[in-house]
Amino acid sequence: MAGATDEEIQRIGDAVRGAREYLTAHPDEAAYTDTPATARLESGLRVSVQGPDGTTVVTDMPASVGGGGSAPSAGWLMRAAHAACVATLVAMRAADEGLRLSHLEVTVDSDSDDRGILGAVEEDEVPPGPIRSRVRISLAADGATEEALHVIAGWAWRHCPVDDAVRRTVPVTVEVDVAGREFASR
């Protein structure tokens with residue numbers, strides 16, 4: 001891996017293989033509920049998101065829609081998470097294959113139409129989310145063939161949970177609590 005030592009590559013590869021072997025033998029232990037993220041409005045459109053371990057991420061919207069521009073938007077963090085996830089999976093797969101990456105860069109961008117998020121048109125006319133997303137993976141490893149690197153990149157992209165959530169329709173349940181009365185959204 002870019003900047004990784006032989007020991008790190010070995011440790012990561014061993015961990016991936018060990019986890020895969022364990023979950024193959026114990027498939028009932030593979031499914032779980034992911035760690036929640038809880039968002040709270042700080043002021044204006046600035047939002048603080050916390051995890052149970054104290055991890056905090058702050059978002060804000062640009063001034064053009066009333067935000068303060070003091071932090072990245074949630075949409076940018078989604079693209080950042082997507083890029084980081086693909087990069088992580090490339091690094092994991094390369095280590096699993098015993099390859100030392102000399103270069104790895106993943107860029108995720110998307111095309112959006114702000115009329116959707118602002119409700120300027122009907123949702124079926126323009127969606128509020130991205131219309132298209134693109135993942136660009138640039139990688140190199142000494143001694144690896146171009147085909148081997150394409151295989152690693154493709155495997156990583158197909159196994160990235162963030163990419164999967166963007167590509168696949170994921171059922172979402174929304175619950176709303178108003179003045180202490182909780183009910184599920186329709």
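## Asp113 and its surroundings

The side chains of Asp113 and Arg115 are joined by a polar contact of 2.6 Å, where a polar contact is a pair of N or O atoms within 3.5 Å, and within protein one must be able to donate a hydrogen and the other to accept it, while residues adjacent in sequence count only if both atoms are side-chain atoms. The model is a predicted one, in which local features need pLDDT of at least 70 and side-chain atom pairs count only at pLDDT 80 or more, whereas totals for chains, interfaces and linings use all residues. Residues are numbered from 1 along each chain as its sequence is written, and side-chain values use heavy atoms, with hydrogens and water left out.

Asp113 lies in the loop between strand E4 (101–111) and helix H3 (114–117); helices (H or I, at least four residues) and strands (E, at least two) are DSSP runs, numbered from the N terminus. Is Asp113 buried or exposed? With a relative accessible area of 19%, Asp113 is buried, since buried means under 20%, exposed over 50% and partly exposed in between, for a 1.4 Å probe and protein chains only. Leaving aside residues up to four places away in sequence, Asp113 touches Val126, Pro127 and Ile131, contact being heavy atoms within 4.5 Å.

## A sheet of three strands

An open sheet of 3 strands has the order E1-E2-E3, and the pairing is antiparallel; two strands pair if DSSP finds at least two bridges between them. Strand E1 (38–43) and strand E3 (56–59) stand at the edges with a single partner strand each, so one side of each is left without a neighbour in the sheet. Neighbouring strands of this sheet are turned by 25° against each other on average, direction ignored.

E1 and E2 are joined by 5 bridges, and Ala39 stands opposite Val49 in E2. In the hairpin of these two strands, which has 2 residues between them, Gly44 takes a positive phi near 55°.

## Two crossing helices

The axes of helix H1 (residues 6–25) and helix H2 (residues 74–96) come within 8 Å and cross at roughly 90°, axes being lines fitted to C-alpha atoms, for helices over the stretch in contact, with angles from 0 to 180 degrees between N-to-C directions. H1 and H2 are therefore roughly perpendicular to each other, a term for angles of 65 to 115 degrees. Among the residues that make the contact are Ile9 and Arg17 of H1 and Met92 and Asp96 of H2.

Definitions and conventions. Parallel < 35°, antiparallel > 145°, perpendicular 65-115°, else oblique.
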